[in-house]
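This report covers a single protein model.

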Amino acid sequence: MLRSKESIGITDDDINFITALARGLVNVFAGQDDNTDNLSYVPFASVEALSALGLPVPASVRVMAQGTVVLAEVHVRAPLLWSGGRAGDARTETD
């Protein structure tokens with residue numbers, strides 16, 4: 001994706017591009033309302049992989065144990081069920 005960034009007219013620095021891309025990918029699922037369980041979508045990379053690309057880990061990005069970097073996340077709650085039917089009202093939380 002980084003190689004095609006310029007060809008599609010993106011001028012953001014590489015790490016901002018990657019985190020924005022990750023947020024966009026998880027936000028596709030934010031309005032999901034056909035799940036029967038609470039779900040979490042979490043794209044991640046390792047500090048090592050980002051460093052190999054020459055990308056710094058921004059202070060605003062959460063680094064987990066063993067050097068895992070959470071690029072974005074969305075939590076999708078299962079819709080409430082009413083009398084055998086769905087309320088059609090999925091609640092979402094995004095970061």
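## A salt bridge at Asp 14

Asp 14 is partly exposed, at a relative accessible area of 27%; buried means under 20% relative accessible area, exposed over 50%, and partly exposed in between, with a 1.4 Å probe and protein chains only. Its side chain meets that of Lys 5 in a salt bridge (2.8 Å, N to O), a term for a side-chain nitrogen of Lys or Arg within 4 Å of a carboxyl oxygen of Asp or Glu. Lys 5 is buried, with a relative accessible area of 7%.

## Basis of the model

This is a predicted model, in which local features need pLDDT of at least 70 and side-chain atom pairs count only at pLDDT 80 or more, while totals for chains, interfaces and linings use all residues. Residues are numbered from 1 along each chain as its sequence is written, and side-chain values use heavy atoms, leaving out hydrogens and water.

The predictor's confidence in each residue, pLDDT, runs from 0 to 100. Its mean for the protein is 82, and 83% of the residues reach 70 or more. Over residues 82–93 pLDDT stays under 50. Where pLDDT is low, the predicted coordinates should not be read in detail.

## Elements and sheet

The protein has 2 helices and 8 strands, in the order α-β-β-α-β-β-β-β-β-β from the N terminus. Both kinds of element are DSSP runs numbered from the N terminus: helices are H or I with at least four residues, strands E with at least two.

An open sheet is formed by 3 strands in the order S2-S4-S3, with antiparallel pairing; two strands pair if DSSP finds at least two bridges between them. Strand S2 (44–46) and strand S3 (62–63) are the edge strands, each pairing on one side only. S3 is joined to strand S4 (residues 68–70) by 2 bridges, and Val 63 has Val 69 in S4 as its bridge partner.

## A second salt bridge

The count of salt bridges comes to 2. Arg 62 is partly exposed, at 40% relative accessible area, whereas Glu 73 counts as buried at 10%.

## Burial

Of the 95 residues in the protein, 23% are buried. Leu 25, in helix H1 (residues 14–27), is exposed, with a relative accessible area of 53%.

How values were computed: Contact means heavy atoms within 4.5 Å.
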